[in-house]
Amino acid sequence: MFSGVRAAETVDVADPVLRSPTDVILSVERTAICGSDLHPYRGEWGDPGGQRPGHEFIGTIVEAGRDVRSRRRGERVLCSGAVGCGECPACAQGLSAACVSGMKVFGIPMMTDYPGGQAEYVAVPSADFSLLPIPEEVAPEAALLLTDNLATGWQAAQRAGVREGNSAVVVGFGPVGMCAAMSARELGAWDLFVIDPLGSRREFAASLGYRAFDATPEAEAEIVELTGGGADCVLETAGRDASMRSAVAVAHPSATISSVSVPSEPYSAEPSERRLPTQRFRSSVASPQRAWPQLIPRLGSPALARLAEIFSHRLPLARSAEAYALFSERPDECRKILFDLTL
Ligand SMILES: [Zn+2]
Ligand SMILES: [Zn+2]
């Protein structure tokens, strides 16, 4: 629970109840902090006091409403971070982010009044649409990443049009950038570059076989040189003006720039005149339900083999204050935090 700006604490709360016959209650097994939980934590959207964050969680169904058709008590499931109505034409295609009732993300009060899943129990609306049983071979870390970050990274790569043999640049190597890079490699980007100002992230990128660069004009020029005039596909995942400028700088005149970040500030970057005629820019947020059937059969592939390493810290929920401070203030030491309720 947030108790104010840059203040998280672990407190006792009332058990959730079924609000609608299509809801279920989950006993949460594991949950993660997302970069987008930092927007309310840092007070970017007003005082977050009293808000319970968390839209990345997996758990077991302990109670199901009478109109829940495809899910049942006792099932171990992962939950989409983006909740749709489950019935409109967009939802029918898995596009929860484009739901006619508006995209809803747990724990973000301007989107939904359903509290987040960084808790022992959480109520999930539209359960038939929001939940997916976790296949036995899928590790808990991969299941958690399927709720949001991996689906988001995958969508970044797909919408950048990555195909076998393309060169690709991932700008920003936070957890979504890591998933975006792994997805781009899975789609055939063997010539894969990463731009991030943090040395520890560049080291991790290099360990995964990507060519890692600092966020400097010299590095951008080098990438343009190495890719023969700019990358075919650019995946922007940081949401900063500087990262968008880098993305434009390293893109080939015929490139697609795909952005999946939540902007933290206005962008001043624009494609240069030379590039304007053919460069494409696409911005989107993920619809995890759409990505699940594409990603699950690929989880065993070499490009996605090291997903679990995205989590640098595993903590009990009781240490939420420390976890948020660490993730927000020391990104050079912390890739992503998993709250493990089985600890
Ligand atoms: Zn998220
Ligand atoms: Zn819908």
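**View 1. Helix H10 and the elements that cover its buried residues.** In this predicted model, the cover over the buried residues of helix H10 includes strand S6 (82–83), helix H3 (127–130), helix H4 (140–146) and helix H5 (149–159). Helix H10 itself spans residues 288–295, and its buried residues are Pro288, Gln289, Arg290, Ala291 and Leu295.

**View 2. The pairing of strands S10 and S11.** Strand S10, made of residues 167–171, and strand S11, made of residues 191–195, are joined by 5 bridges in the parallel sense. Within this pairing, Val171 of chain position 171 stands opposite Ile195 in S11.

**View 3. The largest nonpolar core.** This core has 101 residues, and Ala168, Ala184, Val234 and Leu235 are those with the most contacts inside it. Helix H6 (residues 175–186) gives the most to the core, contributing 7 residues, while at least three residues are drawn from each of domain 1 (2–148 + 288–340) and domain 2 (152–283). In soluble globular proteins, nonpolar side chains tend to be buried together.

**View 4. The surroundings of Ala168.** When neighbours within four places in sequence are left aside, Ala168 is in contact with Ala160, Val162, Ala184, Ala189, Leu192, Ala231, Asp232, Cys233 and Leu235. Among these contacts, Ala184 and Leu235 also belong, like Ala168, to the residues with the most contacts inside the largest nonpolar core.

Technical notes
Residues are numbered from 1 along each chain as its sequence is written. Chains are lettered from A and ligands numbered from 1 in the order in which they are written. This is a predicted model: local features need pLDDT of at least 70, side-chain atom pairs count only at pLDDT 80 or more; totals for chains, interfaces and linings use all residues. Two strands pair if DSSP finds at least two bridges between them. Helices (H or I, at least four residues) and strands (E, at least two) are DSSP runs, numbered from the N terminus. A residue is buried if 20 or more other C-beta atoms lie within 10 Å of its own, exposed if 12 or fewer, and partly exposed in between; C-beta atoms are placed from the backbone. Two residues are in contact if their C-beta atoms, placed from the backbone, lie within 7 Å. A nonpolar core is a set of buried Ala, Val, Leu, Ile, Met, Phe, Trp, Tyr and Cys residues joined through C-beta atoms within 7 Å. Domain bounds come from an automatic or database domain assignment.
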